[in-house]
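Please open the model in your viewer and keep the selection tool at hand.

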Amino acid sequence: MLAQENQEGGQARKRDRQTHVNAAFDPGPVDLRRPTAIECDLALPALGVTSGTLAPGTRVASVGRSRLLVPLTTRSALTTLSPDFERLRAACDRLGFLGCYAYSVPTPTGRVAARMFAPSIGVAEDIANANSTACLAAHLAGQGISDIAVDMGDSLGSPSTITATAHHDASGLRVHLSGAADVTRSIRMP
């Protein structure tokens, strides 16, 4: 088993088998707060969110660097989201955000679709984002949803699913993430 540190300080573990990789991740503590009006006024229009597609519960969340969690009313609203990347980058830079993590309201079984946009760090859209999913799991735990499965990467042709469980222990709220991947090709780097 290999343990490695991620950029935001969490601990990742993976088991590599020939063509299948299982990974588990503990991101550490998650900080959540309500966004300010200025944060919403700058980020949401740049993201392409309208009042008709925004669901209640927007939050600023962090496991190191802040990001905006943006709930949308439906998967279809998420799928058709079309950010203005230059404007979104400017808004995120001004607000000190890593980016915006837009997600569909969870189903009763905890299924969610999400898209992570982080143009400030050179990532127009991420295929899978564990840290933002951890932030979402912590937020949804406050609403009584302790287990989620988040589908990402569909719009990029690289579907992925990250699962997350949130529970309380002696140190507070803990989030555990996991996922699996099939290796479709390998590239040897010099």
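Begin by selecting A61 together with R67: R67, in β6, is the bridge partner of A61. Please bear in mind throughout that this is a predicted model.

Return now to A61 and look towards strand β4 (residues 31–33). There, L32 stands opposite A61. β4 and β5 also pair in the antiparallel sense, in this case over three bridges.

With β5 (residues 59–62) still selected, display its side chains. Which residues point one way from the strand, and which the other way? R59 and A61 point one way, whereas V60 and S62 point the other way. All four residues, on either side of β5, are buried.

Is S120 buried or exposed? Its relative accessible area is 14%, which is under the 20% limit, so S120 counts as buried.

Show the surroundings of S120 next. Apart from neighbours within four places in sequence, S120 is in contact with R89, C92, D93, F97 and L98. Of these, select R89 and display its backbone: the side chain of S120 reaches the backbone oxygen of R89 at 3.4 Å.

Methods:
Residues numbered from 1 in each chain as written. Predicted model: local features only at pLDDT ≥ 70, side-chain atom pairs only at ≥ 80, totals over all residues. Heavy atoms only, no water. Buried < 20%, exposed > 50% of the residue type's maximum accessible area, 1.4 Å probe, protein only. Polar contact = N/O pair within 3.5 Å; in protein donor to acceptor, adjacent residues only side chain to side chain. Contact = heavy atoms within 4.5 Å. Helix = DSSP H or I, 4+ residues; strand = E, 2+ residues; numbered from the N terminus. Pairing = 2+ DSSP bridges.
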